[in-house]
Amino acid sequence: MDSKINRGRMEFSDENYEKALLYFDAVDESDEDYDFVLIFKITCLMELERYDKALFLIDSLLGEEPDNELLMYEKIRCHIALSEKVEALDTLKKFEKIMASDDKRMMLDAARFYKILGDFKNALRFCNMALEVDENFEDALYEKSLIGLSLNNDDIINNCADKLLLITGGDKYRILPVFYLKLYSGKFRDCVEIVDELGSEIKDETRIMIQSVIYSQLCESLGVNIHLVDGEDIGIGDAIELLLDYKENGTDHGIVNDIGFIIM
């Protein structure tokens with residue numbers, strides 16, 4: 001292999017893309033490894049955000065290999081980076097035809113591309129396709145929930161959150177994003193159950209902070225506040241339960257821990 005290619009690859013490995021390009025540009029088109037070098041050049045150009053030049057090289061290679069999945073993938077990325085929505089969507093349609101029917105990762109990437117381009121219908125379709133391959137594909141469930149957020153579709157958000165709850169298995173770092181999905185979709189009782197399930201996994205101050213978020217969102221959602229008759233205080237957990245009882249049963253006054261309250 002040409003020494004310029006080897007030097008270019010070394011610079012590439014060190015993420016010195018500008019220097020790597022200098023070596024790759026010096027490789028003659030007659031070199032038997034020239035097409036191999038072009039792939040490296042495309043990556044360098046994209047890392048340097050020179051998407052128009054990368055796209056020119058991609059299109060030249062696609063002329064010889066129109067069904068090259070990697071090239072088509074990078075072409076979509078370039079069009080998106082250049083704000084060429086029509087061209088990106090057109091390339092995505094072609095990309096669908098050559099995508100492997102069991103490649104859940106590529107399906108998820110297609111969903112993300114469609115979401116970036118504002119086509120939530122197709123974004124949702126590809127998330128569902130990825131989940132047909134693997135129903136416990138966590139990344140696809142999160143992506144689908146984000147699409148649900150964009151569509152303000154609480155059913156999609158809540159269904160994804162339910163599946164994610166089963167997968168996360170009480171891991172506090174993985175379960176907290178699910179908590180916020182439940183919170184957004186108004187499933188406050190589920191939020192309380194998540195906090196209870198975490199148990200000793202979280203510190204008391206963290207628990208109180210999370211409970212305060214639940215309380216605040218409940219008040220905003222219901223358009224009410226709790227007023228204590230004697231001006232005393234009750235725990236945040238008790239306050240949440242009062243609001244949930246009001247939401248579920250309409251109880252708007254009473255006594256808790258010997259303290260009178262009115263919800264209005």
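Tutor: Before we start: a crossing is left-handed if the near helix is turned anticlockwise from the far one by less than a right angle, and right-handed if clockwise. This is a predicted model, where local features need pLDDT of at least 70, side-chain atom pairs count only at pLDDT 80 or more, and totals for chains, interfaces and linings use all residues. Residues are numbered from 1 along each chain as its sequence is written, and side-chain values use heavy atoms, with hydrogens and water left out.

Student: OK, so which hand is the crossing of H7 and H9?

Tutor: Left-handed. The axes of H7 (residues 104-116) and H9 (residues 138-150) come within 10 Å and cross at roughly 15°. That makes the two helices roughly parallel (angles under 35 degrees).

Student: Which residues in H7 and H9 meet?

Tutor: From H7, Arg105, Leu108, Arg112 and Lys115; from H9, Asp139, Ala140, Glu143, Leu146 and Ile147. They divide into four nonpolar, no polar and five charged.

Student: Switching topic: is Glu49 buried or exposed?

Tutor: Exposed, with a relative accessible area of 60% (buried is under 20%, exposed over 50%, partly exposed in between, with a 1.4 Å probe and protein chains only). Glu49 lies in the loop between H3 (34-47) and H4 (51-62).

Student: What's phi of Glu49?

Tutor: Near 65°, a positive value in a residue other than glycine. Most residues other than glycine have a negative phi. Asp258 also has a positive phi, of about 65°, and sits in the loop between strands S2 (253-256) and S3 (259-263).

How values were computed
Axes fitted to C-alpha atoms, helices over the stretch in contact; angles between N-to-C directions. Helix = DSSP H or I, 4+ residues; strand = E, 2+ residues; numbered from the N terminus. Parallel < 35°, antiparallel > 145°, perpendicular 65-115°, else oblique. Contact = heavy atoms within 4.5 Å. Nonpolar A, V, L, I, M, F, W, Y, C, P; charged D, E, K, R; others polar.
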